[in-house]
Each structure stands twice: as C-alpha cells, then as structure tokens.
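Let's go through this model and ask, point by point, what backs up each label.

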Amino acid sequence: MSSAPTPMMAQYLALKKEAGECLLFYRMGDFFELFFEDARKASAVLDIALTTRGEHGGEPVPMCGVPVHSAEGYLARLIRAGCRVAIAEQVETPDEAKARAKREGSPVSKALVKRDIVRFVTAGTLTEEALLEPRRANMLAAVCEVRGVCGIAACDISTGRMELEECEALALGAALARIGASEVVAPEDWDSGPSEDVARPASDFASDKGEARLKALHQVATLDGFGQFSRAMLAAAGGLVAYLDHAGRGQLPLLLPPVARPHGGYMAMDEATRTSLEILASQSGGREGSLIAAIDRCSTGAGARLLAEDLAAPLAEAAAINARLALVAWLHRDPLLRGDLREALRALPDIGRALGRVVAGRGSPRDLGQIRDGLDRARQIGELLAEAPDSPPLLAQLLPALGGHAELVDLLARALIASPPTERQSGGYIASGYDTSLDELRDISGNARRAIAALETRYREETGISALKIKHNGVLGYFIEVPTRHGDALMAQGSGFTHRQTMAGAVRFNSVSLHEEATRIAEAGGRALAAEEAHFEELIAAVANSAEPIAATAAALARIDVAASHATRAVEGEWCLPQITEGTDLAIEAGRHPVVEQALERAGERFVANDCTLSAADRLWLVGGPNMGGKSTFLRQNALIVLLAQAGSFVPAKAARIGLVDRLFSRVGAADNLARGRSTFMVEMVETAAILSQAGEKSFVILDEVGRGTSTYDGLALAWAVAEAIHETNRSRCLFATHYHEMARLAESCPALSLHHVRAREWKGDLVLLHELSEGAADRSYGLAVAKLAGVPAPVVKRARDVLARLEKGRDETGGLAAGLGELPLFAASMAKEEQAPDPLRALLDEVDVDALSPREALDLIYRLKQESGTS
C-alpha cells in the first residue's frame with residue numbers, strides 16, 4: 001500500500017495537473033526543480049544530471065534542476081527543442097506561510113510556502129532579450145474557421161504589432177507560410193486545422209468575444225477607428241488574446257491596435273515557392289545561403305525583422321512599391337547622408353522590444369534607459385533627415401513619428417542614471433537629484449557606512465588588535481571578527497562586545513554601537529529601495545501610456561533602416577532601380593542571381609549575367625541545355641528579381657522593367673515528403689496542380705524539369721500538356737526548363753512560346769559550361785559529358801555511349817518519342833472538342849428522377865435507352 005504524498009509533492013502534482021503538457025519549473029529556493037517525466041525530458045535536452053528525491057508510489061522520484069539566476073539560458077534551449085514550460089514561483093514568504101498556517105490551525109513548523117504558476121513560456125510568447133533572435137520576428141498566430149472562411153490573427157508580442165486577415169481554406173497554408181509563426185493556436189475541435197497547432201477551447205474563438213476583448217483591451221466603444229474586421233478575423237483575434245491571457249496568467253503583453261491586412265495588396269506565394277526560392281532560409285534550414293542573408297545590410301535588429309517581412313510579403317500595388325523605391329533611390333544618390341544615417345542607426349537600441357518587455361511586466365531599468373536613449377536618437381535622426389533636400393514623400397510620412405517624445409525623454413533622463421542595470425533588486429538606478437528624500441536616505445546609508453569604517457578604526461585602537469575587522473553577510477548582517485587568539489580579550493566581562501559565533505580560526509562579535517549603525521543602514525537602505533521601486537513603477541506607467549507613439553517611432557526607424565540597407569546593397573553590387581508598370585511585361589537586362597553571385601565573388605569567380613524579356617507575344621520561354629549549365633539559376637534569379645523589386649529594393653541587373661506580378665510560383669526541385677507519404681514525383685505533381693489551378697495572366701511562373709520523376713513517355717506527356725495549359729489557359733509569364741528536346745515542337749503550335757537554351761561546348765572530350773542563354777533549341781543534352789564531369793567511371797560512360805547510339809538509331813527509324821505529336825490539336829482546342837461531344841445516354845440518364853418513376857415509366861425508359869443506344 002503506497003503512502004500519501006508529502007505536502008510538497010501534493011502541491012507539485014496539483015500544479016503539474018494545471019500545467020498539462022508543459023514542463024513544470026517548480027521553484028525551490030535558488031533552483032527551478034523538475035520531477036518525473038519532466039525531469040527525464042529536460043535532463044536529456046539540457047544535458048544535465050538526472051537524480052532522485054524521495055519516493056512516490058514506492059518508486060524513487062526522478063529529479064533535475066537549474067539555477068534561477070541562469071534559467072533564461074536553459075529556457076531558450078528547451079523552447080528551441082519544441083518544449084513549452086510553466087513557471088511555478090513562490091507567491092508568499094516563509095513568514096506569510098507560517099502566519100497562514102497559524103490562522104488555519106495547521107502546524108507552523110510544517111508550513112509550506114504557497115506556489116502558483118505565474119507564466120507559461122512558449123515559442124510564440126517570448127519577450128526576454130536572451131530568448132529572442134535580434135534579427136528575426138517572433139510571431140504567434142491564431143487561426144479558426146467561420147462559415148467556410150478562415151480567420152487569422154498574428155502578432156509579435158515582443159513589439160506588439162498585430163494583424164488580422166481572412167482567406168479561403170485552401171489558402172491558409174500559404175498565409176501561415178508567409179507569417180512564419182513560431183506557434184499556431186487553433187480550436188481543439190477543428191479537424192482540418194493546421195498540423196502541430198496548440199489546441200485551445202473552441203469557445204475562445206467566438207467572434208463576439210473577440211470583438212469584446214479588443215474593445216476592452218484598447219478601451220474603445222467601437223473598432224471602426226482601427227479598420228473593418230470580418231467575423232472570422234474577430235474570432236481569430238479572440239482566440240489569440242485568450243491564449244496570451246492564459247500564457248501570462250492574466251498579464252497581457254503589449255498589443256497595439258489591430259490592423260486589417262488588405263486583400264490583394266501583396267504578392268501571393270505558396271509554401272513550395274518560398275522554400276524553393278530560399279527567401280528567408282536555405283534548403284538546409286539555416287539563414288546562410290538564403291536571399292535575406294545575401295541582401296541584409298540593416299544596422300538594427302528591428303530593420304532586419306522588417307526586411308524579412310517585406311521579402312515574405314512583397315507589395316502588389318505600384319504606388320506603394322514606387323514610394324519605397326523612391327526613398328531607397330534618394331539615399332542611394334547621397335553617400336554622405338547615407339553614411340551618417342547608418343552610423344546613427346547603429347547606435348540605436350531596440351526600443352520596440354524594450355517597450356514590449358516594459359508593457360508585459362518584464363521590463364528592467366535598462367529597458368527604460370534604452371527607450372530614453374532610443375527616442376532621443378530618433379529625434380536626432382529626424383533632424384538629420386529633415387535638413388536634406390528633395391526628400392521623397394514616404395520620408396515626409398515617417399519624419400513626424402521620430403519626434404514628439406521630449407517630455408518623456410526629459411523625465412527618463414532626469415530619473416535614471418546614464419547606464420541603468422538589468423536588475424532592479426539592488427537599486428541604484430534612480431539618478432541623484434531626482435528625489436531629495438531618496439538622496440537623504442542614501443546620505444544616511446552612506447554616512448552610516450562611513451561611521452562603521454570609523455568604528456572599525458576606533459575598536460582597533462581601543463583593543464590593540466590590528467587584525468580586527470567589521471564584516472557583513474546575509475545571515476548575521478554586520479559583525480566584528482578577530483582571530484581566535486584574540487577572542488578571549490573581547491569575551492571578557494565589561495569589554496562592550498557580545499559573542500555571536502566561533503569559527504575555525506576566528507571569533508565573531510557584536511556591539512551596541514555597531515548594532516545602531518547597522519540598523520540605520522538597514523532602515524535607510526530598505527526605505528531607499530522602496531522609494532526606487534515606486535519611482536520605477538511610475539516610469540513604467542509613463543512609458544506604457546505612450547506605448548503607441550513609441551511603437552510608431554520604432555516602426556519608422558525600421559523602415560528607414562531597411563531603405564538604407566537596400567541603398568547600401570545596391571551600391572555594393574551595382575544594382576539598378578527597377579521600373580514598375582501595370583502591364584504584363586518583364587524585361588530584365590543582364591540579370592544576376594544575388595545569392596549565387598555573392599558566393600562566386602567570395603571564390604574569386606565572375607557571374608555570367610543573362611537577359612530575360614517576356615511580353616504578351618512572347619510570354620513562355622522553353623529553356624533547354626545541360627545539367628549544371630545554369631537553367632535553374634536563370635529561372636530563380638528572375639523570380640528573385642521580381643520579388644526584390646516588389647519588396648521595394650533595387651535589383652541585381654543592368655536594367656529592369658517589371659509588370660506587376662500578383663502571384664509568384666516556383667516549382668524548382670522537389671524532395672520526398674515521407675512524413676506525408678509523398679514521393680518526389682507526387683510532391684512535384686501537387687505543386688504543379690496548384691500552379692495550373694491558381695496562376696493567371698498577371699502571375700509569374702518558373703517550372704524546372706516537370707515530369708522527370710516518372711517514365712520517359714509519362715514525363716514527356718505531362719510536360720507537354722502542362723506547357724500547353726500555361727500557354728493557352730493560364731496565359732501566365734513563364735520560364736519552363738526541360739530536358740525533353742521533343743518539346744521544341746511546341747513552338748510550331750504555340751505562338752507565344754519561344755525556345756532558348758544555356759550554351760555549352762565539348763572541347764577535346766571535356767564539357768565546357770558557358771552559362772550563357774541563347775535563342776533556339778538546345779542541340780543536345782550533354783548528359784554523358786556531365787556524367788563524366790561528375791566522376792562517373794570511364795567504362796560506365798563508354799557503355800552509356802553505346803546504349804545511346806542504339807537508342808538514337810531506333811529514334812531515327814521510328815520518328816522518336818514525339819512521333820505523331822504534330823497532329824495533336826492544341827490544349828484549348830482539345831478541351832473544347834471534348835465539351836462539344838457529350839454522351840447522349842449520359843445526358844438522358846442525368847435528367848431522370850429515379851425515385852419518381854412509376855413501373856410503367858421505368859419500362860418506357862428502358863425501351864428508350866435501347867433505342868438511343870442503337871440496339872433492338
């Protein structure tokens with residue numbers, strides 16, 4: 001029979017039940033302890049010792065712990081490993097616990113300090129500087145479905161920015177891929193919700209509750225002043241705020257007024273496109289090798305985060321794009337101004353995230369100092385930019401947000417020391433002269449310390465013991481210490497000293513004078529700390545009351561930083577200002593791939609630039625040529641140039657004219673998705689199907705080697721049909737790379753399709769890849785030459801040449817794979833033909849209501865069907 005759990009273990013188990021799937025950090029003194037399965041999991045992730053403590057149910061209790069003072073580092077590792085953590089702190093002192101036990105009639109000696117979960121730490125609810133990446137936003141999203149429409153609420157609580165949007169169910173995956181949330185919250189009963197979401201009660205996602213929560217949060221009677229929000233948006237917002245309230249245990253973080261994300265204002269990209277173009281992360285999952293790593297020259301973390309948002313959601317409105325480009329071009333033309341601006345930006349603290357910590361109740365004196373310094377430097381930056389001539393309209397919109405904080409800056413400058421500390425428990429961060437009563441308390445404490453030093457000198461002279469010292473520790477407070485050999489002299493009656501503690505080699509004493517001075521220090525110090533704490537709360541309130549204008553300043557600085565980054569990158573790489581049009585043209589002269597070019601420069605090699613000119617009369621390019629010849633690079637570089645231009649950046653080209661792209665699709669390369677049971681070919685077909693169903697005339701599509709994952713005949717047939725469909729039905733601008741030479745015959749039937757190839761030559765048996773794009777079909781594939789270049793053994797290559805010769809002979813005799821394709825009608829024509837020849841029997845049966853037929857009518861129907869089929 002198992003014994004009842006101890007009071008401490010009973011308290012732990014109750015808190016663990018409340019924590020659910022989260023690891024429970026249970027505060028015990030200077031450590032957070034974990035028990036049972038939590039301990040096993042945490043010890044494995046953190047690589048710390050797993051021990052045991054007592055028994056529960058007759059078995060030893062697994063246990064591990066981390067020091068409170070270094071808990072943030074351990075939390076960061078747990079969060080990165082996908083864990084969620086509940087923090088259980090002591091919510092009363094031992095004296096308060098004893099007083100409570102006395103009131104309840106419980107044994108005072110066994111009083112257990114009350115603990116409670118004060119916060120849930122999850123991937124999407126982080127605000128601590130040590131837990132966040134400075135150059136990456138930390139997004140939390142809530143999603144739900146209302147009447148067939150999906151609502152999405154997304155926020156970065158470290159800065160408070162909150163956006164609401166809605167989309168069709170099929171577009172939810174693309175929207176979440178754009179947001180890149182660290183954590184997604186969804187109703188627990190939603191079967192078609194996103195995978196790996198955090199399930200929350202469905203009642204949290206009621207639109208009326210969401211509307212009420214937002215009104216209460218921002219203290220408004222109506223949300224009309226913030227924008228127009230659908231029921232789906234409000235439902236998602238309700239779920240988001242409810243989850244944050246749960247995670248913070250009633251303490252909400254900074255949440256700025258919600259912004260409705262406009263529909264159609266941004267270029268649409270699905271998850272496959274983002275992955276293949278390696279916009280924010282390379283195929284390996286890291287930042288190195290990605291587009292953002294190649295172009296990021298931001299001076300601040302906030303600017304880098306905004307740059308990532310711009311690349312994830314390029315604009316689709318010419319006026320907004322041109323406004324961004326005008327600011328970049330203005331800074332591009334003035335290197336002296338740009339240099340001064342970037343130097344000033346580099347000195348900026350991250351005021352957006354400092355504000356987030358302050359409003360969330362996790363702020364420090366250092367955060368207040370950062371807000372003070374950041375707002376003051378923002379004013380200086382505003383003055384610098386306001387003096388420059390010919391400023392663009394976007395800058396005129398941003399400049400007012402950089403000022404207007406003089407009163408708050410003055411308050412923080414008077415109240416805080418120059419470099420406030422991170423911790424506030426020890427005080428010392430309120431500046432001298434701000435509070436005369438606080439200064440007096442400090443003087444009392446300082447005078448008392450000087451009095452103690454004088455007392456030490458006096459006692460040495462009176463006793464003749466030069467080794468006598470007055471010391472302090474947390475247990476005894478102030479005490480007098482002498483070596484053991486002098487202890488008897490101070491213990492003598494009438495010496496004026498009181499024995500307190502005998503140590504190995506030393507004896508400790510107290511005295512009336514020392515006690516009086518120590519009491520003065522303790523009282524003055526305690527009152528000084530209380531005064532500083534009161535001032536800290538006043539400063540926190542002052543900052544919180546100005547949260548929205550401070551956040552607007554942070555946003556304006558980030559936008560200016562992004563523009564300066566683009567201008568700097570453009571100068572480095574000799575990039576050009578793109579021309580944005582409302583048409584469907586795409587004319588890029590001497591375009592380059594920004595990531596590949598940078599890698600080649602590091603290796604001391606030169607990138608070969610190529611032109612790309614698409615128009616209504618020539619909108620589909622069929623690109624052939626050998627592997628490693630540069631087809632995929634050519635396709636990707638043009639997609640990235642379009643993306644950069646519409647994000648508001650100069651582009652790596654000599655000149656570029658870009659008709660607005662509403663949707664960007666990239667099907668370049670694929671890999672098995674074994675987790676979903678999909679082969680490479682299945683992944684390719686799913687992505688291709690998405691393109692064919694969604695791309696339109698204003699879309700830009702790049703397709704690489706469609707059909708390569710199946711048999712030669714199936715692959716060619718699919719590639720042929722897909723190219724025809726894009727030409728005839730979607731009518732998108734498209735770059736289509738293929739190894740099927742037979743597809744060159746499409747140029748005969750598709751007037752807006754043209755043939756191109758990357759050039760290569762064989763020289764003395766070796767393949768020379770020129771990486772140049774030329775008009776016309778490729779003369780051959782050079783597959784065997786590439787195999788030789790890759791190191792395939794010579795006998796295998798020789799055998800392959802023999803097989804190839806036999807295959808080519810058979811092709812010449814039979815007409816090859818493409819025999820008979822010239823007689824095929826075009827895709828649109830064949831579809832029309834099918835529609836014009838319906839099955840008469842099927843049409844007749846479709847009109848019949850079987851349940852309404854009488855026996856006689858059923859017999860008549862059979863005779864009629866026989867007659868229609870031509871049988872007697």
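Q: Which residues lie nearest the centre of the second largest pocket, and how many line it?
A: This is a predicted model, and in it 35 residues line that pocket. Glu72, Glu128, Gly361, Arg362 and Glu423 lie nearest its centre.

Q: What makes a residue part of that lining?
A: A lining residue has an atom within 4 Å of a pocket point. Elements giving two or more residues to the lining are helices H3 (71-80), H13 (351-359), H14 (365-386) and H19 (512-545), plus strands S5 and S6. The space inside comes to about 1300 Å³.

Q: What is the class make-up of the lining of the second largest pocket?
A: It has 13 nonpolar, nine polar and 13 charged residues.

Q: Why are S3 and S6 said to stand at the edges?
A: The open sheet has six strands in the order S3-S4-S2-S1-S5-S6, with mixed pairing. S3 (51-56) and S6 (115-121) each have a single partner strand, so one side of each has no neighbour in the sheet. From one strand to the next, the twist averages 35°.

Q: Which helix lies across S1, and at what angle does it run to S1?
A: That's helix H1 (residues 7-19), running at about 145° to S1. H1 also lies across S2 (31-35), S3, S4 (59-67), S5 and S6.

Notes
Residues numbered from 1 in each chain as written. Predicted model: local features only at pLDDT ≥ 70, side-chain atom pairs only at ≥ 80, totals over all residues. Heavy atoms only, no water. Pairing = 2+ DSSP bridges. Helix = DSSP H or I, 4+ residues; strand = E, 2+ residues; numbered from the N terminus. Axes fitted to C-alpha atoms, helices over the stretch in contact; angles between N-to-C directions. Contact = heavy atoms within 4.5 Å. 1 Å grid on protein atoms, 1.4 Å probe; cavity = no way out; pocket = protein on both sides within 12 Å on 5 of 7 lines; lining within 4 Å. Points joined across faces, edges and corners; volume = space filled by probe spheres on them. Nonpolar A, V, L, I, M, F, W, Y, C, P; charged D, E, K, R; others polar.
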